[in-house]
Amino acid sequence: MSKPVVGILMGSESDLPVMQEAAAMLQEFGIEYEMTIASAHRTPKKVLEYSQGAEKRGIKVIIAGAGWAAHLAGVVASQTMLPVIGVPIDSSPLKGIDALLATVQMPGGIPVATMALGKAGAKNAGIFAAQIIASHEVKIANRLKVYRVEMEREVEEKAKRLVAFTAAPHVVAVKEPVAAEEAAPAKKKPRRRRWKKKPGAAGPAGESAS
Ligand code: RP5
């Protein structure tokens with residue numbers, strides 16, 4: 001096994017289900033990575049040590065995912081010259097809008113390449129890290145090209161299946177929606193009972209027929 005070239009950091013264990021998406025993409029492209037929990041506010045020393053030592057250890061890109069007031073990616077970026085990819089995580093009551101703004105709104109001077117919120121963002125972080133590595137590794141560049149071709153083929157297959165589905169007889173045979181009155185048989189009106197006066201008989205109020 002060769003040395004990891006991508007470092008994945010996350011603020012909490014609760015971020016793992018999201019950040020696994022980044023790891024899955026790196027695995028798909030055959031890129032070695034390491035993954036750990038380091039929080040900018042709970043374990044700030046660890047974050048500093050990790051960020052300052054990463055380049056020396058052979059790391060080329062750092063992916064940092066955090067939720068709430070997500071300052072992790074910015075703090076990491078401030079401590080290294082490596083490119084830092086930020087993944088805002090939708091773990092807060094604000095559904096991640098706080099993490100998105102905290103990660104993307106870096107003041108000029110210390111950039112963080114911010115991805116989309118949540119799992120899609122983590123997935124893209126993995127692909128983006130692969131693209132950075134691909135700039136000096138032809139093998140990874142080729143795998144990325146294959147990935148794009150495969151994605152295109154899958155979408156085309158789905159489009160063909162959709163055409164086949166809409167052309168199928170069972171779809172054509174679908175009837176127009178039946179109007180509610182037609183669908184339900186009209187209810188018979190209850191016959192009103194009429195009180196008939198018998199000739200010469202007294203009425204209900206005791207009136208005699210005239
Ligand atoms: C952030 O606080 C983490 O990145 C996580 O998304 C959020 C909540 O952490 P836990 O309270 O679940 O540990 O630092």
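The predicted model is built around an open sheet of 5 strands in the order S2-S1-S3-S4-S5, with parallel pairing; strands here are DSSP E runs of at least two residues, helices are H or I runs of at least four, and both are numbered from the N terminus. Two strands count as paired if DSSP finds at least two bridges between them. Strand S2 (33-37) and strand S5 (113-114) sit at the edges with a single partner strand each, so one side of each has no neighbour in the sheet. This being a predicted model, local features need pLDDT of at least 70 and side-chain atom pairs count only at pLDDT 80 or more, while totals for chains, interfaces and linings use all residues. Residues are numbered from 1 along each chain as its sequence is written, and side-chain values use heavy atoms, with hydrogens and water left out.

Overall, the protein has 8 helices and 5 strands. Read from the N terminus, the elements go β-α-β-α-β-α-β-α-β-α-α-α-α. Of the 210 residues, 33% count as buried, a label that means under 20% relative accessible area, with exposed meaning over 50% and partly exposed in between (1.4 Å probe, protein chains only).

On to the strand partners. S3 runs parallel to strand S1 (residues 6-10), and 5 bridges join the two; within this pair, Ile-8 has Ile-63 as its bridge partner in S3. S3 also pairs in the parallel sense with strand S4 (residues 84-89), over 6 bridges, with Ala-64 standing opposite Gly-86 in S4. Between S3 and S4 the chain passes through helix H3 (residues 72-78), and this β-α-β crossover is right-handed: with the strands pointing away from the viewer, the path from the first strand over the helix to the second runs clockwise. S4 is in turn joined to S5 by 2 bridges, again in parallel, and Ala-113 in S5 is the bridge partner of Ile-85.

Next comes the packing. The largest nonpolar core has 28 residues, of which Val-6, Ile-8, Met-19, Phe-29, Ile-31 and Ile-63 touch the most other members. A nonpolar core is a set of buried Ala, Val, Leu, Ile, Met, Phe, Trp, Tyr and Cys residues joined through side-chain atoms within 4.5 Å. At least two residues each come from S1, helix H1 (16-28), S3, S4, helix H5 (118-134) and helix H6 (138-167). H5 gives the most, with 7 residues.

As for the ligand, it is surrounded by Gly-11, Ser-12, Ser-14, Asp-15, His-41, Arg-42, Ala-66, Gly-67, Trp-68 and Ser-91, each with a heavy atom within 4 Å. The protein covers 76% of the 360 Å² of accessible area that the ligand has on its own (Shrake-Rupley method, 1.4 Å probe; for residues, only the protein chains shown count as cover).

A few loop and helix residues round out the picture. Ser-39 is in the loop between S2 and helix H2 and is buried, with a relative accessible area of 4%. A polar atom of the Ser-39 side chain lies 2.9 Å from the backbone nitrogen of Arg-42. Ser-92, in the loop between S4 and helix H4 (97-104), is also buried, at 6%. The Ser-92 side chain makes a polar contact of 2.8 Å with the side chain of Asp-98; such a contact is a pair of N or O atoms within 3.5 Å, where within protein one must be able to donate a hydrogen and the other to accept it, and residues adjacent in sequence count only if both atoms are side-chain atoms. Glu-55, in the loop between helix H2 (44-53) and S3, counts as partly exposed at 46% relative accessibility. Glu-55 and Met-81 are 26 residues apart in sequence and 8.0 Å apart in space, C-alpha to C-alpha.
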